Amino acid sequence: MSDKLLEIKDLHVNAGEKEILKGLNLNIKKGEVHVIMGPNGAGKSTLANVILNNPQYTKKSGSVEFEGENINDLSTDQIAKKGIFMSFQLPEEIPGISTMNFLKYAKNKVTEKPVKIFEFKDTVKKYSEELSMNPKLIERNLNVGFSGGEKKKNEILQMLVLNPKLAILDETDSGLDVDAIKIVSKGIEMFKNDDNAVLIITHNTRILNHLKVDYVHVLVNGQIVKTSTAELAEEIEETGYAQYKK
Ligand code: ADP
Ligand code: MG
């Protein structure tokens, strides 16, 4: 069996008339943790969104393959069912549905079979404890009035509960204090196994102190301009992105 998970080939993406991704290549195999760093506006969130085929973006050319299948034209729902999860840079507040019911709904939707409710509640409770979340949060309306840190932990909770093959985390660590960063890293470590992969988009090298990372990519102006091992993150911490900008 192949250990290929995500393969992006020469991807060009527009938002309206504006070209944002300009020939991007990326390969992720099972068992790997990848980090993408890059200056503001480089196209990092666009990349995450376009993998899930967010209709705000148009693929002009190139391909996104997941487990060897071209998923360019699948809907976001279908892609989620294939096992790709994305956490949002700015998680939305959704009144009218509790966190628990949202998780149940999402799990039903991606697995296409009803969850066993008692088992499911136990799982959610166990993970939320591991993430040191206030137990009341899962009964409250999704993200409504949650602090920034609580919203981010809630994204990690979703990842653990949905258990995707590929988790894309868009700046899940930004705005977190040191303790919360440790907990988010712990959540990622708990999730990680030889059959899945994580793509972490971050500005912050602090999260890398707590995580074993296989590859660090630098994304500048819609392209990945450098790929290396974890040390690349330290180098960027020191020197910034200037040398990668043309
Ligand atoms: P990053 O996450 O690296 O900071 P983004 O992917 O959010 O960058 O954005 C890259 C560029 O594309 C920015 O200049 C941004 O303003 C632009 N952009 C992103 N999404 C849209 C959109 N839906 N419509 C128009 N421009 C967009
Ligand atoms: Mg972004």
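Ligand 1 is surrounded by 13 residues, the closest being Lys18, Gly41, Lys44, Thr46 and Tyr57; a residue belongs to this shell if one of its heavy atoms lies within 4 Å of the ligand. The model is predicted, so local features need pLDDT of at least 70 and side-chain atom pairs pLDDT 80 or more, while totals for chains, interfaces and linings use all residues. Residues are numbered from 1 along each chain as its sequence is written, chains are lettered from A and ligands numbered from 1 in the order in which they are written, and side-chain values use heavy atoms, leaving out hydrogens and water.

By class, the shell holds five nonpolar, six polar and two charged residues. Ala, Val, Leu, Ile, Met, Phe, Trp, Tyr, Cys and Pro count as nonpolar, Asp, Glu, Lys and Arg as charged, and the others, Gly among them, as polar. Strand β2 (18-29) and helix α1 (44-51) each supply at least two shell residues, and α1 gives the most, with three. Helices (H or I, at least four residues) and strands (E, at least two) are DSSP runs, numbered from the N terminus.

A polar side-chain atom of Tyr57 lies 2.8 Å from a nitrogen atom of ligand 1. For Gln56, a polar side-chain atom is 3.2 Å from a ligand nitrogen atom. A polar backbone atom of Ala42 lies 3.2 Å from an oxygen atom of the ligand.

Elsewhere, Thr99, Phe102, Leu103, Ala106, Lys107 and Val110 in α3 meet Asn154, Leu157, Gln158, Val161 and Leu162 in α5, where contact means heavy atoms within 4.5 Å. The residues of this contact divide into seven nonpolar, three polar and one charged.

Terms used
Polar contact = N/O pair within 3.5 Å; in protein donor to acceptor, adjacent residues only side chain to side chain.
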